[in-house]
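This report describes the fold of one protein and then follows several of its residues. Please keep the sequence and the structure in view while reading.

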Amino acid sequence: MRELRIRVLVGVFVVAGILSWAGARLWNSIGTLPSVPLAAPVVLALIAVVLLATALSLRARLKAQRERRPGAKGVDPLMAARAVVFAQASALVAALVAGMYGGTGVFLLELLDLPPRRDQAFYAGFSVVAGLAVIAAALFLERVCKLPEDDDEDRHQGAEPAA
């Protein structure tokens, strides 16, 4: 399984932010911009907590397994692979959503004198922070589930085989 690249996440965040900012400007000039929901940062924060709890649980179980503690509960490789897929998908979606709310929030900075728009700008800002927390927790979970021999394969992939 390929490791998630931060450059891809940054690219998704920036493109979504630019498109969201342009869309918010266009939508506001045509009519009323839809509000930023209060649930957005809450849901993203909950996903970050789930990812972090999963990472900490797997890390503790893997450490106990490596130290050969009696009664240590092992980690099923399929469960670890599913956790990595969940982390990667969550990071990509969080980058997209954080970029979307980031672009909308940048647009709303022009309208801070209106109390409803000020609240929406705060919700958008909190959504970006929660999205970044999801990305950080997802990358941590991915690192926890990484096998030690994966490092060796990555380093020797470009080397010529010895004859």
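**The protein as a whole**

The model is predicted. The protein contains five helices and zero strands, and its elements, read from the N terminus, follow the order α-α-α-α-α. Of its 163 residues, 33% are buried.

**Helix α1 and its packing**

Helix α1 covers residues 6-30. This helix has 25 residues and reaches 36 Å from its first C-alpha to its last, which is close to the 36 Å expected at 1.5 Å a residue. Which residues of α1 are buried? They are Leu9, Ala16, Gly17, Ser20 and Ala24. These buried residues pack against α3 and against α4, the helix of residues 115-144.

Helix α3 spans residues 77-108, and its axis comes within 6 Å of the axis of α1, with a crossing of roughly 35°. The crossing of the two helices is right-handed. On the side of α1, the residues that make the contact include Val8, Leu9, Val12, Phe13 and Trp21. On the side of α3, they include Ala91, Leu92, Ala95, Met100 and Phe107. By class, the contact of α1 with α3 has 15 nonpolar, six polar and one charged residues.

Where does alanine 87 lie? Its place is in helix α3. Alanine 87 counts as buried because its relative accessible area, 1%, is under the 20% cut-off. Beyond residues up to four places away in sequence, alanine 87 touches Leu51, Ala138 and Leu141.

Valine 85 also belongs to helix α3. Is valine 85 buried or partly exposed? With a relative accessible area of 45%, valine 85 is partly exposed, because this value falls between the cut-offs of 20% and 50%.

Valine 144 is found in helix α4. At 13% relative accessibility, valine 144 is under the 20% limit and therefore counts as buried. Apart from neighbours within four places in sequence, valine 144 is in contact with Ala55, Leu58, Arg59 and Leu62.

Leucine 132 is likewise placed in helix α4. Its relative accessibility is 47%, so leucine 132 counts as partly exposed.

Each of these residues can be paired with a partner elsewhere in the chain.

| Pair | Separation in sequence | C-alpha to C-alpha distance |
|---|---|---|
| Alanine 87 and leucine 52 | 35 residues | 9.8 Å |
| Valine 144 and leucine 62 | 82 residues | 8.6 Å |
| Valine 85 and alanine 138 | 53 residues | 9.6 Å |
| Leucine 132 and leucine 44 | 88 residues | 9.1 Å |

The pairs may be read together with the contacts given above. Leu62, the partner of valine 144 in the table, is also one of the residues in contact with valine 144.

Terms used. Residues are numbered from 1 along each chain as its sequence is written. This is a predicted model: local features need pLDDT of at least 70, side-chain atom pairs count only at pLDDT 80 or more; totals for chains, interfaces and linings use all residues. Side-chain values use heavy atoms; hydrogens and water are left out. Axes are lines fitted to C-alpha atoms, for helices over the stretch in contact, and angles run from 0 to 180 degrees between N-to-C directions. Helices (H or I, at least four residues) and strands (E, at least two) are DSSP runs, numbered from the N terminus. A crossing is left-handed if the near helix is turned anticlockwise from the far one by less than a right angle, and right-handed if clockwise. Contact means heavy atoms within 4.5 Å. Ala, Val, Leu, Ile, Met, Phe, Trp, Tyr, Cys and Pro count as nonpolar, Asp, Glu, Lys and Arg as charged, and the others, Gly among them, as polar. The expected span of a helix is 1.5 Å times one less than its number of residues. Buried means under 20% relative accessible area, exposed over 50%, partly exposed in between (1.4 Å probe, protein chains only).
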